[in-house]
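I am opening my notebook on a new protein chain.

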Amino acid sequence: MTVQRGKKLSISIQEHMAIDVCPGPIRPIRQISAYFPRLSPTSPNPAVSPVPSSSPLALSPGSVASGMGGAQLLSPLLAHGRPGGGGSLSLTSSVDTSVEINSSDSDDCTALGTLEFELRYEQSSSELRCTILRAKGLKPMDFNGLSDPYVKLHLLPGACKANKLKTKTIRNSLNPVWNETLTYVGITEEDMHRKTLRLSVCDEDKLTHNELIGESRVPLKRVKPDQTKRFRTCLEHPPPLPSPTAMGEALRGISCYLREWENEQLQSLEERGRLLLSLQFLPPLTLEDQDGGGAEGRRGGGLCVGVKRCAHLAAMDVNGFSDPYVKIYLKPDLEKKSKHKTAVMKKTLNPEFNEEFFYEISVSELANKTLEVTVWDYDLGRSNDFIGGLCLSGQSQGDALRHWMDCLKNKGTKVERWHILTNELPQTFSHD
């Protein structure tokens, strides 16, 4: 910076914001401010460059020592806002360049695009409805500067083909509009508390593999039952996966932590679909009921098991479907007479069975029993494939335990509940 008597003040900001000050008397700030142009990015004077707001600068008479002819730096404003001298001149930018959508400050928000969608959880029907509305400003993925976007959904943890839903593909667009509703069936209240919905926007390529544009993740606990909630989120890059080699080196020598990590990996179960099951303990028939001919096939009390339907089953065949059927056992089964099977449903991942099976047993005996339910894929000429299963007893946990106890407490009442099928085989099972 050069200051001369009777001339306007000119500023030259060097690479390190140093300003040369010539020896001689310095005009007070109040006097030279009339010659100094207003500092803003829109100022017509190109000699002054705006300085980011993160590093405001001030020029004060106290920053220049009398009798020194060397270079001096502009003294920054103090942290508490008081200037270093009697007057101050702050170089601050009035333009806010941050992008904020739903409290997201991602730098690549405008590079990848935004996604708008709605979520609604119907508690009575255990359905999660995801309405994909539109996307804006998607990143071009094709040579023509456009993309062929579609959206696919997964539920985390336990993402697999069984719970993947997908929209249609919009050709040659960076601002696609879908207005398409995808529905998850069999979503329990426990799922709404612990699950996260992942929405991935991808570019479809017929000749090569599809490419991921960006994704967004929403914890389902943000959605209240029977209320529609709209989201407009920034698409982000997926989090990097840990390298097994790097993880092994990082955990080397920490045997305790390594054992815990290995146990978690062994205990992690893959979801294979959902099963809607009904349980009802029927009391023994009275003489009037028997004379009236009601409830054919039973006289004493017992457990009535209803296999209603399955949803989002894992595809076990090469055609992308399965031929599912359900088997149930009431164990311990020393006489091996407790096995029941439903009919086989061909080429479907969402079969409806609506079949009921009855076990004649007392409440005291039932308290020590375990109901084992497994879903299989029928294959002609070779062994059937296990899809998933679950066990209900007094030693179960979560929804399985609640369903079992509700059945025993509410005699005569049919209790229905959705259950998650996992890839864990019960300790005793049969292929027949």
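**Entry: two loop residues.** I started with His 312, which sits in the loop between strand S14 and strand S15. Helices (H or I, at least four residues) and strands (E, at least two) are DSSP runs, numbered from the N terminus. Phi of His 312 is positive, about 55 degrees, although it is not a glycine. At 11% relative accessibility, His 312 counts as buried. Buried means under 20% relative accessible area, exposed over 50%, and partly exposed in between (1.4 Å probe, protein chains only).

Ser 126 also has a positive phi, near 55 degrees. I found Ser 126 in the loop between strand S5 (114-122) and strand S6 (127-136). Ser 126 is buried, with a relative accessible area of 14%. I noted the background: most residues other than glycine have a negative phi, and most peptide bonds are trans.

**Entry: ground rules.** I am reading a predicted model: local features need pLDDT of at least 70, side-chain atom pairs count only at pLDDT 80 or more, and totals for chains, interfaces and linings use all residues. Residues are numbered from 1 along each chain as its sequence is written, and side-chain values use heavy atoms, with hydrogens and water left out.

**Entry: cis bonds.** Leu 156 and Pro 157 are joined by a cis peptide bond, with omega about -5 degrees. Pro 157 lies in the loop between strand S7 (149-156) and strand S8 (165-166). A cis peptide bond also joins Lys 331 and Pro 332, with omega about 5 degrees. I placed Pro 332 in the loop between S15 and strand S16 (340-341).

**Entry: the whole chain.** I counted elements: the protein chain has eight helices and 20 strands. Of its 432 residues, 40% are buried.

**Entry: the cores.** Which residues have the most contacts inside the largest nonpolar core? I found Leu 277, Leu 279, Leu 371, Val 373 and Leu 392, in a core of 32 residues. A nonpolar core is a set of buried Ala, Val, Leu, Ile, Met, Phe, Trp, Tyr and Cys residues joined through side-chain atoms within 4.5 Å. Elements that each supply at least two residues of this core include strand S13 (271-282), strand S18 (370-377) and helix H8 (398-409). Apart from it lies another core, of 30 residues, among them Leu 112, Trp 178, Ile 187 and Met 192.

I then listed partners of Leu 279, leaving aside neighbours within four places in sequence. Leu 279 is in contact (heavy atoms within 4.5 Å) with residues including Leu 303, Leu 371, Leu 392, His 403, Trp 404 and Cys 407.

**Entry: helix H8.** The buried residues of H8 are Asp 399, Ala 400, His 403, Trp 404, Cys 407 and Leu 408. They cover an arc of only 170 degrees around the axis, which puts them on the same side of H8. The arc is that of the directions from the helix axis to the C-beta atoms.

Entry: Ser 200 is in strand S10 (residues 196-203). Is Ser 200 buried or exposed? Ser 200 is buried, with a relative accessible area of 4%. Beyond its neighbours within four places in sequence, its contacts include Tyr 150, Lys 152 and Leu 212.

How many disulfides are there? I get zero disulfides, taking a disulfide as a pair of cysteine sulfur atoms within 2.5 Å. Cys 202 is buried at 5% relative accessible area, and Cys 310 is buried at 0%.
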